[in-house]
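Subject: Structure handover

Hello,

Here is the structure I promised to pass on. Please open it alongside this message; my notes follow below.

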Amino acid sequence: MDSHRPETLARGAEPARPGTLHARSIIGGISVPPTPGRVVRFGRAGRPEVDLPVTEGDLRVSRRHGELTYREGRWWLRNTGQQLVRLPRGRMMHSSMDPIPLGTGYTPLFVRGSGYREHLVELFVTDHGERGIGARREDDTLAPKRWPLDDDERLLLVVLGRHYLLYEECPRPLSYRQAAMELTYLCGEGVWGERRIERKVGAVRRRIERGGDFPYPVLREDDGAGPSDHNLLHNLLRGLVESTTLVPPDLELLDGDLDD
């Protein structure tokens, strides 16, 4: 069972003219053709002040927090808000910085909000080089293999792998002790503990190993040789994020922990 299937641009966007910008937040989404001089604004305000509302109630997010402008054949991102915008690999963007060009494909942005909260803005630019090969232009895209997770497994892995879903530079998993503390906050006393976390992670690792085709080792050899359990957990989370089994919108599961 895998009932939590968030909409996301991490798995691609609808076919569109090369250079088309697709943008999505938890509130909605838009697709904008590559028209010279076109500006797309996002922030806390509603339409028509912004094209993509990011949040309705977080006053740390500026009414117009950022904008994307199409010029010189590319979309350029600028921070127009008071809080920082974080890009993949930990790059921070301040309003005093020059605009930066977006690459094609998927780019998640994280807008700093209240407390520890960060609001996700997903961007996807249709590749100018996607011309197809002969008669295969209209064929369906081959999706990466994804692994089924039940609701408890997904919540647990999102907690353990938050830094991976935030696209940080060198992410590492939370410890089982840290995860148990956060899950207790989210779910209440007595629901999650370190031993249950260990059992759940072990079950996922064994199931994935049996299924085959996972890009990284997730179990130790019978003689105990090979990577440590911590590195195997790193491999598990890395592979689940790279395959888009886990995607940045899954962080919405933690909203109850991040609002304050």
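In what order do the 5 strands of the open sheet stand? The order is E4-E3-E5-E6-E9, and the pairing is mixed. Strand E4 (52–53) and strand E9 (100–101) stand at the edges. Each has a single partner strand, so one side of each is left without a neighbour in the sheet. Bear in mind that this is a predicted model.

Now the E3 and E5 pair. Strand E3 covers residues 39–43 and strand E5 covers residues 66–71. They run antiparallel to each other, paired over 4 bridges. Arg 41 has Glu 67 in E5 as its bridge partner.

The side chains of these two residues also meet. Glu 67 and Arg 41 form a salt bridge, at 3.8 Å from N to O.

Glu 67 has another salt-bridge partner, Arg 78. Here the closest N and O atoms are 2.9 Å apart. Arg 78 lies in strand E6 (residues 74–79) and Glu 67 in strand E5, so this pair ties together parts that are 11 residues apart in sequence.

Arg 41 is partly exposed at 28%. Arg 78 is partly exposed too, at 32%.

The structure holds 16 salt bridges. One of them lies between the side chains of Arg 112 and Glu 118, at 3.2 Å from N to O. Arg 112 is partly exposed, with a relative accessible area of 33%. Glu 118 counts as buried at 19% relative accessibility, because the cut-off for buried is under 20%.

Last, a helix. H3 spans residues 176–187, which makes 12 residues. From first C-alpha to last, H3 reaches 16 Å, close to the 16 Å expected at 1.5 Å a residue. Which residues of H3 are buried? They are Ala 179, Ala 180, Glu 182, Leu 183 and Thr 184. Just after H3 comes Gly 188, with a positive phi of about 100°.

If you look at one place, look at Glu 67.

Best wishes

Technical notes:
Residues numbered from 1 in each chain as written. Predicted model: local features only at pLDDT ≥ 70, side-chain atom pairs only at ≥ 80, totals over all residues. Heavy atoms only, no water. Pairing = 2+ DSSP bridges. Helix = DSSP H or I, 4+ residues; strand = E, 2+ residues; numbered from the N terminus. Expected span 1.5 Å × (residues − 1). Buried < 20%, exposed > 50% of the residue type's maximum accessible area, 1.4 Å probe, protein only. Salt bridge = Lys/Arg side-chain N within 4 Å of Asp/Glu carboxyl O.
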